[in-house]
Amino acid sequence: ALAVLVALIGLAAHQVQAAPLTLDDALRLAQDRSRMLPAQEALAAASREMAVAAGQRPDPTLKAGINNLPIDGPDRFSLTRDFMTMRRIGVMQEFTRDEKRQLRTRRYEAEADKSLVEKDAAVAAIQRDTALAWLDRYYAEAMAVLIGEQLMQIDLEIIAAESAYRGGRGSQVDVFTAQSVRAGLEDRASEIGRRTRTAEAALGRWVGAVGDVPLAGKPDIDSVRLDKEALETQLVRHPQIAVLGQRELIAETEVKLAQANKKSDWSVELMYSQRGPAFSNMVSMSVSIPLQWDQKNRQDRELSSRRAMVEQARAERDDMLRAHVAEIRAMLAEWESGRERLARYAREIVPLSKQRTQAVLAAYRGGKSSLTELLGAHRNEVDVRIQAVQLEMDTARVWAQLNFMFPDGTVHKDVSTPLGVSRWKEAK
């Protein structure tokens, strides 16, 4: 009974391992296995912690020392005999303005938001690369099936050519021609086998050990999640552009910090001084105020620098948005052209190549066509079918790049609030 149970468990495990891998399953596995996403989450958590720390006042400073200690004469190194000698202890506190502390906090909050947007960009990249690897393997295997079918067909034709030659109804040239065609197909099969193994390795990089299990049916590539008429509006939320938008918000916060730094922070010090028993002890209090006597070359220069960085971030964001809009429009045109050509292949080109092969085969059986013409028709049909698969693969790759430009199933983020404090809203 135990042996039967173990066998059943092994069979169940094998069936689970052999379950077809869908594209959606591959995307989930790749996202779960990624170490980049926890890294971005940790970076966001680090910025959140720094936001709390940056909002606090500086630690107070403990100060201790000895004033006016004699170093010669009868009172040399005495702490109590000279009336001017004092042992002092005190504390100094810098009072940073509330505005500065709030701005420092908001800057790190904006850094945390930027890390989460970068996580979205990482999710989109993982999904896109996983989808491309899955599609590469799917279509490489589809091409391998086509070549396998043609190898079986050419084997039958070689047998027929050899039989005709032995029966005096054919020539040895026909046999050599058929064998030459088979050798060419075997070479093509080797190349496609290499592509299949490469695609398996690429997919395994994302999904792990299940990268070599059978694949499920192909996804629907006839629709994408982009509106051609509203690209600029949609691409504002593109993760890479959103990252630059967060950089702009951080730069704007630093501008406000530079403006706030034009007002000095005060420090207050309280000191207790102890003298000898014959003298009175003393208490001192002082206020320190930095003198910004050269604001033109220090604070104003810093403010100008921060403003220039805002302009840099804004210009980079605008330039990337324009580049993405142009690139996506070109990709949409390529995708639509690919779909149109695929429809033509399915409607006309592939059926015509099959009909030609059947017509030549019928003529060959009736003695009205040569084996060379039949093999040529078969080669043409193979080439056409492989061209159709290659075209579908190219179109599917463009579809994947378009469809996984944004993270699939994630929320859109509003990163346009002041000072980088994001409001998270789920896009229904």
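Trainee: At what angle do the axes of helix 5 and helix 9 cross?

Mentor: Axes are lines fitted to C-alpha atoms, for helices over the stretch in contact, with angles from 0 to 180 degrees between N-to-C directions. The axes of helix 5 (residues 172-207) and helix 9 (residues 371-403) cross at roughly 15 degrees and come within 10 Å. Helix 5 is therefore roughly parallel to helix 9 (angles under 35 degrees). Helices (H or I, at least four residues) and strands (E, at least two) are DSSP runs, numbered from the N terminus. This is a predicted model: local features need pLDDT of at least 70, side-chain atom pairs count only at pLDDT 80 or more, and totals for chains, interfaces and linings use all residues. Residues are numbered from 1 along each chain as its sequence is written, and side-chain values use heavy atoms, without hydrogens and water.

Trainee: Which residues of helix 5 and helix 9 meet?

Mentor: Contact means heavy atoms within 4.5 Å. Among them, Asp174, Leu185 and Arg195 in helix 5 meet residues of helix 9 that include Leu371, Asp383 and Met393.

Trainee: How are the strands of the sheet arranged?

Mentor: Strands of a sheet pair through backbone hydrogen bonds, either parallel or antiparallel. Here four strands form an open sheet in the order 1-2-3-4, with antiparallel pairing (two strands pair if DSSP finds at least two bridges between them). Strand 1 (61-67) and strand 4 (282-288) are at the edges, each with a single partner strand, so one side of each has no neighbour in the sheet. Strand 1 pairs with strand 2 (residues 86-95) over seven bridges, and the bridge partner of Asn67 in strand 2 is Met86.

Definitions and conventions: Parallel < 35°, antiparallel > 145°, perpendicular 65-115°, else oblique.
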